[in-house]
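Subject: Structure handover

Hello,

Please find the structure we spoke about below. My notes on it follow.

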Amino acid sequence: MASMFFTWIRSPAAREYFFSTHFWGPVANWGLPLAALADLAKDEEVISGTMTTALASYSLVFMRFAWRVQPRNYLLFACHATNTAAQLVQEGRFVNYWYMGGREKQLAGQKGPVLQAVEATQEEAKKVSDAK
């Protein structure tokens with residue numbers, strides 16, 4: 001198996017592949033899924049729902065392209081499959097945070113000085129209204 005690989009590496013077909021857009025296009029494109037995977041560690045507050053949807057759609061379209069082009073471009077397909085998966089996870093995080101109560105849960109767990117001041121003011125207002 002290894003000898004076949006090294007024989008292929010030395011062949012003109014390998015040089016033709018490595019100097020083609022079928023290789024360098026996907027290599028350059030791997031920046032998108034790598035950035036998406038790095039963004040999984042960031043706070044949900046900074047996720048853009050529209051951009052995440054656009055990137056997931058873009059990668060779905062180009063996954064189909066990579067599959068349909070002859071010869072099939074498996075490197076490009078893997079790149080866009082990875083990006084689609086990462087963007088869909090980001091989309092799930094976005095929806096959970098903004099529409100399913102994730103933001104409220106996160107805010108309830110942490111009380112900053114402003115929230116503490118608001119609660120103290122509300123308690124004082126309640127005491128004043130109860131005293132009347």
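Which helices each supply at least two residues of the lining of the largest pocket? They are α4 (31–39), α5 (49–68) and α6. Please keep in mind that this is a predicted model.

The largest pocket

The space in this pocket comes to about 210 Å³. Its lining is made up of 14 residues, and those closest to the centre are D39, T52, L55, Q87 and Q90. Helix α4 gives the largest share of the lining, with four residues. Sorted by class, the lining of the largest pocket holds seven nonpolar residues, five polar ones and two charged ones.

Helix α6 covers residues 74–99, and H80 is part of it. A85 also has its place in α6.

Is H80 buried or exposed? H80 counts as buried, because its relative accessibility is 1% and the cut-off for buried is under 20%. For A85 the relative accessible area is 44%, so A85 is partly exposed; that class lies between the buried limit of 20% and the exposed limit of 50%.

What surrounds H80

With neighbours within four places in sequence left aside, H80 is in contact with N29, Y58, S59, F62 and M63. One of these, N29, also makes a polar contact with H80, side chain to side chain, at 2.8 Å. Another residue to look at is L60: its C-alpha is 7.0 Å from the C-alpha of H80 in space, while the two residues are 20 apart in sequence.

What can be said of A85 and S59

A85 and S59 are 26 residues apart along the chain, and their C-alpha atoms are separated by 9.4 Å.

Regards

Conventions:
Residues are numbered from 1 along each chain as its sequence is written. This is a predicted model: local features need pLDDT of at least 70, side-chain atom pairs count only at pLDDT 80 or more; totals for chains, interfaces and linings use all residues. Side-chain values use heavy atoms; hydrogens and water are left out. Buried means under 20% relative accessible area, exposed over 50%, partly exposed in between (1.4 Å probe, protein chains only). Contact means heavy atoms within 4.5 Å. A polar contact is a pair of N or O atoms within 3.5 Å; within protein, one must be able to donate a hydrogen and the other to accept it, and residues adjacent in sequence count only if both atoms are side-chain atoms. On a 1 Å grid over the protein atoms alone, a cavity is a set of points where a 1.4 Å probe fits but cannot get out, and a pocket is an open set with protein on both sides within 12 Å along at least five of seven lines; lining residues have an atom within 4 Å of a point. Grid points are joined across faces, edges and corners, and a volume is the space filled by probe spheres set on the points. Ala, Val, Leu, Ile, Met, Phe, Trp, Tyr, Cys and Pro count as nonpolar, Asp, Glu, Lys and Arg as charged, and the others, Gly among them, as polar.
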